[in-house]
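Let's take a walk through this one, beginning with a pocket and ending with a strand that helps to line it. Have the structure open as you read.

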Amino acid sequence: MELINPIYTDAAKVEKLAAEFQTSKPYKHLVLDNFFRQEVADKLYENFPSVEKLTKHWKGMNENKSEGSNFSDFDPIFTQVRNEIMSPEFAQWMEKVTGIKGVFVTDDSLGTGLHQGSDGSFLDIHVDFNIHHVKNVYRRLNFLVYLNKNWKEEYGGGMEMWNADMTKMEKVVMPILNRVLIFETSEISYHGYSKITLPPGETRKSFYTYFYTPITDPTILNKYHDTIFKPKPGDSTLKKVGTNTKETLKNFIKGQLKRAGVKF
């Protein structure tokens, strides 16, 4: 793993990270600073594509951000990092630090890509989809690389990690350059970021990877759900009702389509 900071491949360090992952709250996670070699992180930052180069732009009640996995349009450093993260060696490293066996990354937009948010961007608190709706594999881990140099606290944009009943935010992870956040995706891994305030020319940048494991029990497919957004305790009544109604209807429809074998 030539692109990774060698401190993270040391056997003693890996053992320590594995213990930390299992005991972290509000759900299993790790925050790793200076994860890539500095020259790699700098190159990712300097060559991060513009919002216009990304192919998907979400703007709705619960999110305002852009996304892209069109790596052929990006600087080659992004493909190099992607190949490193998708390698068998990196999968073995992830298994050791998380204790989750058999992890892999799908070769599509639900495997790796870039996220970017301009001024006013936000991502409401949510749990992620639990099953890849096309490949029928089980989503287990998020691996997020933040790529923001000189990020200031007043910009906001920290990843908020909430408790299981969505009554309290227990941790905030600021999206600073070369910081990696790894966490187990589950029915209680509530996370997101509040509306950001940025100066002209600044954006919130990250490289995402989702790790999966095979599904050995086919009945679990009946438990499929898409992303589930949840309102915060301080949200308005209108936002709470709107979010809960929309998410219930969305997941009912997608669940029915999934069970019927319809592609969506």
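Sort the lining of the largest pocket by class and you get 15 nonpolar, 10 polar and 10 charged residues. Here Ala, Val, Leu, Ile, Met, Phe, Trp, Tyr, Cys and Pro count as nonpolar, Asp, Glu, Lys and Arg as charged, and the others, Gly among them, as polar. The model is predicted, so to speak of local features takes a pLDDT of at least 70 and side-chain atom pairs count only at 80 or more, while totals for chains, interfaces and linings use all residues. Numbering starts from 1 along each chain as its sequence is written, and side-chain values use heavy atoms, without hydrogens and water.

The pocket's volume is about 750 Å³. Of its 35 lining residues, Lys65, Glu67, Phe129, Tyr210 and Thr227 are the closest to the centre. A pocket is an open set of points on a 1 Å grid over the protein atoms alone, where a 1.4 Å probe fits, with protein on both sides within 12 Å along at least five of seven lines; lining residues have an atom within 4 Å of a point. The volume is the space filled by probe spheres set on those points, which are joined across faces, edges and corners. Elements giving two or more residues to the lining include β3, β5 and β12.

Because 6 of its 6 residues are buried, β5 is largely enclosed by the rest of the structure; buried means under 20% relative accessible area with a 1.4 Å probe, protein chains only. Thr112, Leu114 and Gln116 point one way, and Gly113, His115 and Gly117 the other.

What pairs with β5, counting at least two DSSP bridges as pairing? Strand β3 (residues 63-68) does, antiparallel over 3 bridges, with Ser66 partnering Gln116. So does β12 (residues 204-213), antiparallel over 6 bridges, where Ser206 is the partner of His115.

Notes
Buried < 20%, exposed > 50% of the residue type's maximum accessible area, 1.4 Å probe, protein only. Helix = DSSP H or I, 4+ residues; strand = E, 2+ residues; numbered from the N terminus. Pairing = 2+ DSSP bridges.
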